[in-house]
There are 2 protein chains.
Amino acid sequence: MTRFFVEPEQMRPEFLVLTGENAQHAKVLRLKQGEQVLVCDGQGRECLCTVSDLSPGQVSLVVNSRQDSQAEAAVPVSVYMAYAKGDKLEHVIQKATELGAYEIAAFPSARCVSRPDEKSLKKKLERWQKIAASAAQQSGRGRIPQVIALGSYREALHRAAQADLAILFYENERSATLRMALEAGEYRSVSLLTGPEGGLEEQEVEQAVEAGMRVCTLGKRILRCETAPLCALSAVMYHTGEF
Amino acid sequence: MTRFFVEPEQMRPEFLVLTGENAQHAKVLRLKQGEQVLVCDGQGRECLCTVSDLSPGQVSLVVNSRQDSQAEAAVPVSVYMAYAKGDKLEHVIQKATELGAYEIAAFPSARCVSRPDEKSLKKKLERWQKIAASAAQQSGRGRIPQVIALGSYREALHRAAQADLAILFYENERSATLRMALEAGEYRSVSLLTGPEGGLEEQEVEQAVEAGMRVCTLGKRILRCETAPLCALSAVMYHTGEF
């Protein structure tokens, strides 16, 4: 079924109207009167609706029923990724959204060679959020993960450490596995933090431990900075019973 | 430690010589006499060596010790991916190699819109194998996964089904999870098969079941054709104790 995202304040109990890009998209899809569609508020709530009227630039819908989205992960997992070269962050935003991430936060660290300046950041954030919205729509999610740009490594640690289970992946960690962390206790939220191309500095890993994060390995093979977060996210989703 | 791949027949018990691209690479890295390097045969065997002499286009090494590679997965996992548009197969070859795939096989299926013709296939296979070699080197593997191009869907099923545990992922499967398959018994080899952009046809899924494959879901979110194999591979590596 076709899925549209609207702003939460546009959700109404009985009737809904699609405008702008949504109306354009409806036209491209050749939606017809009487067809059923899903309208999501991007925060996990959705309405099953029937198309009642189509006019240029506007699609009117009757709300049939409302429900919590069925496609959200049982445990919210936040992905913290250091700024990386090229389109790697965009790649991770798209894939992490498909894989069910709750939110995606980008942050600078000592060995980051690429980092958006303040001037371009606003535009980039808009672009990143659009990538997340599009991936959420394609994968059938009811929630669009928020993409967050953090100003410092310290801020990233502080925020990531607030999850019940906060894990940093470090290639020099040999013994502590992700499985040990996931089996160590109960948690209702998870955060996963990974470094840039050159890895995190030892001192940064120590800071994370001080902030309350666990340090884990992702195995004997060195993963690229865009592979590590998606590998870890896939494993956490598997462990928490998503598939 | 720097890692070089040589052909298996170039492996010698006491002395080794690096030539061609390896010698060039050694020059770029400014290797010096007395330095230690790892030389791998790309099939999981490696030698710890010391540089004894450097001349233009040739690096002479003394073999100190030989061992099985420490970075190979305990359970060999083969990735079967339907031909996809653009550079998606290349992307999966690179990432699946990092994640520890034993081999990567590409095959056509009914809804594949892109498929290399026989003329271009030889060149493409060379290119794909280079991508695997480069990813194996970067991730510190001792084995270069073989990239295989299969001529038909039937051939892919026949080959994939030979693994102890052979799984096809289908977005219309609702109840059978990957976990159920992985916990169902003992296995010494796994194969994971995923479809193209438009998915596999129902009839193709039935054929796979007849061939002896299990059909599983990867969860409630629809994954892109390049995300599904990497998500599944990450989960299998996690399940089999890699991290």
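**Before I start**

A helix axis here is a line fitted to C-alpha atoms over the stretch in contact, and the angle between two axes runs from 0 to 180 degrees between N-to-C directions. I need that for the helix pairs below. I also remind myself that this is a predicted model.

**Entry 1: a look at chain A**

I started with chain A on its own. I found 7 helices and 11 strands in its secondary structure. The C-alpha trace spans about 60 × 40 × 30 Å along its principal axes. Chain A has 243 residues, and 43% of them are buried. Then I looked at contacts between residues at least 6 apart in sequence: in chain A, 75% of these join residues at least 24 apart.

**Entry 2: how the two chains are related**

**Entry 3: where the chains touch**

Next I checked the contact between the chains. I noted 31 residues of chain B in contact with 31 residues of chain A. On the chain B side, α2 (88–99), α3 (118–139), α5 (178–183) and α7 (228–239) each supply at least two residues. Which of the elements gives the largest share of that side? It is α7(B), with 7 residues. By class, the side of chain B that touches chain A has 12 nonpolar, 11 polar and 8 charged residues.

**Entry 4: α7 against α7**

Helix α7 of chain A, residues 228–239, packs on α7(B) at an angle of about 65 degrees, and the axes are 8 Å apart. Angles of 65 to 115 degrees count as roughly perpendicular, so α7(A) is roughly perpendicular to α7(B). The crossing of α7(A) past α7(B) is right-handed.

I listed who makes the contact. From α7(A) I have Leu230(A), Cys231(A), Ser234(A), Ala235(A), Tyr238(A) and His239(A). From α7(B) I have Leu230(B), Cys231(B), Ser234(B), Ala235(B), Tyr238(B) and His239(B). Sorted by class, the contact of α7(A) with α7(B) has 8 nonpolar, 4 polar and no charged residues.

I picked Cys231(A), which sits in helix α7 of chain A. Is Cys231(A) buried or exposed? The cut-off for buried is 20 or more other C-beta atoms within 10 Å, and Cys231(A) has 31 such neighbours, so it counts as buried. Leaving aside neighbours within four places in sequence, I found Cys231(A) in contact with Leu218(A), Leu223(A), Leu99(B) and Ser234(B). Cys231(A) and Ala96(A) are 135 residues apart in sequence, yet their C-alpha atoms are 9.7 Å apart.

What does Arg221(A) touch, not counting residues up to four places away in sequence? I wrote down Ala71(B), Glu98(B), Gly100(B), Ser139(B), Gly140(B) and Arg141(B). Within chain A, Arg221(A) and Glu171(A) are 50 residues apart in sequence and 8.7 Å apart from C-alpha to C-alpha.

**Entry 5: α2 and α3 of chain B**

Glu98(B) and Ser139(B) from that list turn up again where α2(B) meets α3(B). These two helices pack at an angle of about 30 degrees, with their axes 8 Å apart. Angles under 35 degrees count as roughly parallel, so α2(B) is roughly parallel to α3(B). I noted a right-handed crossing for α2(B) past α3(B). The contact of α2(B) with α3(B) has 6 nonpolar, 3 polar and 2 charged residues.

Last stop was Arg30(A), in the loop between α1 (20–28) and β3 (36–40) of chain A. Its phi is near 55 degrees, which is a positive value in a residue other than glycine. Arg30(A) has 8 C-beta neighbours inside 10 Å, so it counts as exposed. I checked chain B too, and phi of Arg30(B) is near 55 degrees.

Note on methods. Residues are numbered from 1 along each chain as its sequence is written. Chains are lettered from A and ligands numbered from 1 in the order in which they are written. This is a predicted model: local features need pLDDT of at least 70, side-chain atom pairs count only at pLDDT 80 or more; totals for chains, interfaces and linings use all residues. Two residues are in contact if their C-beta atoms, placed from the backbone, lie within 7 Å. Helices (H or I, at least four residues) and strands (E, at least two) are DSSP runs, numbered from the N terminus. Ala, Val, Leu, Ile, Met, Phe, Trp, Tyr, Cys and Pro count as nonpolar, Asp, Glu, Lys and Arg as charged, and the others, Gly among them, as polar. Angles under 35 degrees count as roughly parallel, over 145 as roughly antiparallel, 65 to 115 as roughly perpendicular and the rest as oblique. A crossing is left-handed if the near helix is turned anticlockwise from the far one by less than a right angle, and right-handed if clockwise. A residue is buried if 20 or more other C-beta atoms lie within 10 Å of its own, exposed if 12 or fewer, and partly exposed in between; C-beta atoms are placed from the backbone.
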